[in-house]
Structure formats: C-alpha cells, structure tokens
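Hi there,

Here is the structure I promised to pass on. Have a look at it first, and my notes follow just below.

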Amino acid sequence: MPKVIKLRRGLDIPIKGKAEKILTKTEKPEKYAIKPTDFHLIRPKLTIKEGHQVKAGSPLFFDKYKPDVLFTSPVSGTISRIHRGERRRILHVEVAADGKDEHIEFGAANPLNINREQIQSKLLKAGLWPLIRQRPYSVIANPKDTPKAVFISAFDTAPLAPDHDFIVKDKQEEFQTGINALSKLTNGLVHLNIHAKYTFSDIFTKAQNVQLNTFSGPHPSGNVGIQIHHIDPINKGETAWYVAPQDVITIGRLFKDGIFDARRIVALAGSEVKSPKYYKTYIGAPIETLVKENIKEAELPPRFISGNVLSGTRIDRNDYCGFYDSLVSVIPEGNYYDFMGWLLPGFKKYSESRTFFSWLMRGKKYRLNTNMHGGKRAYVVTGQYEKYLPMDILPVQLIKAILVDDIDKMEQLGIYEVAPEDFALCEFACTSKTNVQSIIRKGLDTIKKEME
Amino acid sequence: MNSLRKFVDKIKPHFEKGGKLEKLHSTFDAFETFLFVPNTVTKSGAHIRDNIDMKRTMIMVVFALAPSLLFGMWNVGHQYYEAIGAIGTISDKFLYGLLEVLPIIVVSYIVGLSIEFGIAQARGHEVNEGVLVTCFLIPLIVPVDIPLWMVAVATAFAVVLGKEVFGGTGMNILNPALTTRAFLFFAYPTFMSGDKVWVSRITEAYANKENPEIGRLITDNGDKIVDAFTGATPLAEAAAGNIHHYSIFDMFIGSIPGSIGETSTLAILLGALLLIYTGVGSWKIILSVFAGGIAMGGLFNALSGIYPDNAFLALPAYEHLMLGGFAFGAVFMATDPVTASQTERGKWIYGFLIGVLAIMVRVLNPAYPEGVMLAILLMNVFAPLIDHLVIRKNIKRRMRRIEVNSKQ
C-alpha cells in the first residue's frame, strides 16, 4: 500500500546560495580520482600501479574484506598517482584522462529478462556495486545479503541540496531500467519516496515496479533512514538497501548501454559562490572545474565541502568530488572572535532557538559560517535533539549508550535504524556542541564489529 | 573591540603550554570566552552550528530571575518599613533592600566562583557557566537576615557537594541550589524558619528586647518595631490555622514576608514567560507542577470538611500556588534540566508528582510548613527511575515489532 507520511519534526535551515536551475558544461578535467576514504569500513587493495593504462570500467582496487566488490575507473587514461597519507593509507587513486573515452564492454541486457545473480555479477564487475548502500551500518551493501526492500529517496531536503527532478530530466528510460535492475535484487519492494511539495517529475511519479510513498515536512524528511523508519523499520537481523536517484540512472545505463557511464550532474551552491548552478561532470571530477573563477572574494576564506553542510566532507580546492556526492557546498570559514556574542542581542544571527531574534524574520536567508559558536560542554539541556529527529528513537539515551559502549542498550534503543546523517540536525542545534555524528558512527562501527 | 582583542592575543601565549602562567590556563580561558565567543571552527560532523551555546542559555535564566531579585529587594525594604510602622517611597524601600541583599549576592559569587575556578584549574577543564546561575539563585532562596558566613558555607556546599563531586555541570543528581537550602535548613534551622527571620533586623530587635540594657523592641538602626507586627510568612500562619492574614493581591504581587526572591508570583511568572518563550525552561514541567499542586490542594479542600482539626486543609488550592516557595520552585528549581526527568514524557510525571508531594508535605506534616524543597529533591532522586520506565516502553515497542515480524 503506498504510504502518505506527514513529518513535523525537523528544520529547514535558511542558508543562502541555492543553485539556480541552469545546466552548464565544465571544461574537461585532466585528472579524476576515486577516493577509498569515501567508502566506510573497507580495506582497499590495489589492482593497478602508477603508469597502468585503464579504460572506463577497469578495476582500480577492491575491498579486501569482500573481494567481489570492485571499484573501477570513471574514465580511460593512465594511473597518474596513488596518493597516500599517514600510515600508507590510500587517499586518492588518480587517473589522468587521455580524452579517448574508451569503455570496457560489460554487455547490455534487459534486467527483467535476466536473473538476480547475473544482475549482481554485472554490477560487481563494472564497479557499480558501491553505489548500493545498506542499513544498518550505512556502508556498501553486502552482496551475500538479501535485503527486505530497496529504498530510493527521490528528493533531498538537506540545506542547498540539488533538485533531483531537475537532475533526472530526460533520462526516463535509464531511470526505469535502473529500477528494474534493483527490483530483482530483493524479494520485497522497491520504495520510491517523493515529497508532496517538491516532486513533480513524471519520471518519479509514473515509475513502474515501485511503491510510491509520499512524504511531507522539513529536513530530514529527505533522508532515506528517516523514510525507512516510517515505511518499514529495520529490526535486528534485517537489511535494507538504498540508492541515490542519479546512481539509479548510472545503473540503468550499465544495462542499457553495457558500460560504466560515469557522467553525473553536480550542483555547486553556497553563499561564497558567485553563480551557483548545476554542472555536467563525471564521478571523481576535480572540484576546481566547478569553482574556477566562481568564488567570491571575501574577508573570510572559503571552505569547500563535498556534499551538504550538515554531513558532507571537507575538501581542499584541489581535491575531487566524493563518489556519492552530487553537491559541492562553499561556505565561509568562521575563524573570528565575536565580542560578547553570547550576551548581545545578535539581531543578525540565525538560531533555531528563540534566544536570538531570527525566529521573527521568516523568509530571511543567512550566510552561515563554520564557527562553533561556543565551547564544548557536558549535556545539560534536554528535549533539544527530539525536536529534530522524526523517529521513535530516544536520541540522547542512544548516544549515551554508545559513549559507554553498552552494546545491549545500543541494540535496544535502535542503533540498527540510524545513520550519522540522520542526527546531523541534532548536531547543528546542540547547545553543548557535542560531536553527535562521529559518536553515532563509532557506535555503528562497534556494533558491526560485534556482529561479525 | 580590536584593541581589546589584540591585548588578549598578546598575553595569551603566557597561558598556553610552555608559558609561564600555564597553570592558570582555565582561568584565562574563562575570562577570554567571557569577552569573546571563540574562533574555533567545526572539525568533524556538521560544518555549521547554531549560534546558541551554554552561556546564552544560562544568561537567559539569569534574565528570568532578575524580576524576582529586583522585586525581592523592594520587598525587603517594604517589610522593614511595615515593621517599624513607617511610610516610604518605592525607591526608599528599594534602596534599603538593595543594601541588605547586595552583600549576600557578593559573598555568593565570590565564594562560588573561587571554588569553581579552582576546581576547573586543578582538573584542567574549562570553567562551566552553571555556577553563574547557582550563585544567582542562592540569595533568592534564603531569608534576608541570614549571616553572611552562613551564605559562604552554603555556597561552598552547593558548588562542591551539589555539583563538583559528581563531575561538574551536567553530572549532578540533586539541584545544587536546593541542596544548599536543605543544608541550611537542617544545619541552622533557627536561621531558616520561624517568624523572625523573614524581615530584616527583627531577630536583632527581639534580642535587644531581651537585653536588660536596651529592653525595647528596637532594631540596629534605632527604629522601634510596631507592636502588632508579625513577621511570620503566610504559609506559617496557615499552618498555625490562621488563614487569610494577607489579601490575595498581596500574595500575588508578593508584598509578604518570605525568602528574598520567592514571594512575588507575578515576578516569577514574568520569568517563566521568558524561560518558556526562549525554550530554555520546560513548559511541561512548569505546567505539571502547578497542575499537581492544584490537584492535591483541591483534594485536600474536599477533605477539609471531614477533618476540621487541620485548618490547613481548607486553604484554597490556588492560594497554595502563590504562597511559600511553590511558584519559585516550579519555575526555577524543578526545571533544572540536569536533575529533572530527561525524557519528554517523563517530565509530565516528574512535574506532577512534585506538585502533589509539595502540597502533601505542607498540609499533612506539622514540622514542615514548606514542602517544595523536599518534594523537588525527592523527585530529583526519582527522575532517573521515571526516565527508565519511559525508555523501557520505547524498547518494548521495538521488541514487539521484531516479534510481529518474525511471526509473519
């Protein structure tokens, strides 16, 4: 039964710099990179060396714990650099593009006509398997599992998030093919979740082989974890898989055209961007091609984030877009001192609380920076997190269970259902400046280790 | 403010690791963060954070307490003028009260901050803002005639045994200000109850009367106490069976004897409005404490016909809310988030039981005309239990889902 769910708890942060719905081409980058650090809890083992020639779809590395899961090159060219960090941890695998656009042929096929093993094997070989992630633990899906359902969130409510209606435009066939492939991977349903107010595209509303669920309400209604909780919550022992809408298209292209087509649309947004818009680019592209000559001069230096301002990763200007990200946010750093900031009225400051005056100015957008706005403290205020987590979960009690490593309590309080990004708003609002997302991540890692 | 910032930056290295004054880092840090919200940027997790922090939250509580303090100062003056049968303007009375109350505030803050800074320094932690609120609360819950050394001992008790031994702000089980009050009440009962301590200088006047050299009811200022004056609080009067000594208007405005900050229901309600509006104080707790008080008071009113001996039963429930420390406790003590129930559902139960117990102790127990302090402290102890029950329900809901699923 298609579900209609109205969510009330949450917050749409009024941040400046939303991307205009203009699609531009970037100049073709010379280098691309896949970053093993984008994939949580894998151990990368390289299959290539510097100087090797690769085609789009050639394996670069695999996960030592699950050797079937390959990570492949988005373009054809030469391996230019294996960039390592502390303790020889691989940070980037860089490919210098040769511009020839050569692809490995994996063979086109109609997903509805082949069986599950064949679909899975094609995805693994092409390096597209990492596009499928799972709950619990918020990691790459385990090919040996059978998920109880597949979830796709067709809308993103995070601050400055791209409009997926705009991104999937004119790609109806690829999207449907992708859905068909995913539908074979589970014995349950493929849930396609749309927003009552933001989703208009027929590509979503008229998709086949899916159950269409409608959500309404503020962020984090677009988070797939929140949606899973309200449609078909995860219990201990169950798995659910999820894929981002643009990645469904990439999967669809594998079956339609037989190749790893790494084309992706990425939005560049944020108050520090002169002209925020959408760019036609590739997975693993350098962000320099997006931000070139597009960053405002300001008294505060810019921070580049692959992803959104709540759960994205901080990157340098000469770094590459994350594997899963279709948004690059640029906001000002907040490394300034604020004289008596906690006492003065602060009419220009934004706060979700009513201790400042921003609640009087609806509709105003703010240039938010990275200042912590206070020192770290113990938990004092209560009832704050519950306002921003629309799940039947007691957030602070769960966090405390993680902090004391109480595995039984973690399980009982719902650790299997959560992901760090679902708590990002709680972290934003926290008076005590607790690092909630990293605590949740630590809890998930602890439980995963216990279970294996 | 640039010059101020430059000055701070100049002396800062002395307090960092390797500097000469490295041992005083926490102290320096407290002053620096008092003047400037620090320039730290986010390193992990969300890249943007809300502007609210602990200092902002705590200062809202201080703002909310301000009406009670200001009114309390006027009231100290008002009670004294009533006692000596004199007429005075608002500013006369306020000035008198200010001079009586200010020493208590000063002692409270000096003792409290010294201990807090010392312990923070010894532990190498940042100084916590909670002490600013605790030190503001202590003068408000003591009678005006309390000896200053007693204030110092009580403040030290509050900061050390009420908070620091548990690990500092956020870790304590019992409300520190109420722990102070309980300590004073049980250690120095004659200074904390009776009918002489609530109006300034009356105790001394009676001592002077006993003194053969003076022999008259005269205060240190040389003023004679009016014969008909009684300094008993309306609550004590009610416990003695003497209901309606003061008018409802007096009780609501607060021109009655009592602890410095607890008398004016109006001032407290103004503070409550600020706390609720800014979201700093839980409206659920405030509402349920009042509801519990009315429920219990109403029950007793109904029973007053059957038990005519206990005149206190007949005190109308709504008057209970305006007398003694009930309103003050409901708004400023019960709402302390660290010691109250931490689950949203638990807060209703916690608050309601405080209201019920407070009235019950008042009316049924002849030894304690005031039951709010004890009720809140007891519920502080039980708050974790209430939370435990709420958490268990949450867990059971999850378990039931697994059972239902495994049956399908």
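Which side chain of chain A meets Arg397(B) in a salt bridge? The partner is Asp392(A), with an N to O distance of 2.7 Å. Please keep in mind that this is a predicted model, so the distances come from computed coordinates.

That pair belongs to the interface of chain A and chain B, where 6 salt bridges turn up. Polar contacts link the two chains as well: 41 residue pairs, both residues at pLDDT 80 or more. On the chain A side, the elements that give two or more residues to the contact include the strands β18 (302–306), β19 (313–315) and β21 (338–339). Helices are on that list too, among them α8 (395–403), α9 (407–413) and α11 (436–451). By residue type, this side of chain A holds 30 nonpolar, 29 polar and 18 charged residues.

As for the extent of the contact, chain A brings 77 residues and chain B brings 59. Between them the chains bury about 6,000 Å², with 56% of that on carbon and sulfur atoms. Within chain A, the residues that lose the most area to chain B are Tyr337(A), Trp342(A) and Arg377(A), which together account for 16% of what that side buries.

β21(A) runs antiparallel to β1 of chain B (residues 36–37), and 2 bridges join them. In one of these strands, β1(B), Val37(B) is the bridge partner of Asp338(A).

Enjoy exploring it!

Best wishes

Methods. Residues are numbered from 1 along each chain as its sequence is written. Chains are lettered from A and ligands numbered from 1 in the order in which they are written. This is a predicted model: local features need pLDDT of at least 70, side-chain atom pairs count only at pLDDT 80 or more; totals for chains, interfaces and linings use all residues. Side-chain values use heavy atoms; hydrogens and water are left out. Contact means heavy atoms within 4.5 Å. Buried area is the accessible area (1.4 Å probe) that two parts lose on being put together, summed over both. A salt bridge is a side-chain nitrogen of Lys or Arg within 4 Å of a carboxyl oxygen of Asp or Glu. A polar contact is a pair of N or O atoms within 3.5 Å; within protein, one must be able to donate a hydrogen and the other to accept it, and residues adjacent in sequence count only if both atoms are side-chain atoms. Helices (H or I, at least four residues) and strands (E, at least two) are DSSP runs, numbered from the N terminus. Ala, Val, Leu, Ile, Met, Phe, Trp, Tyr, Cys and Pro count as nonpolar, Asp, Glu, Lys and Arg as charged, and the others, Gly among them, as polar. Two strands pair if DSSP finds at least two bridges between them.
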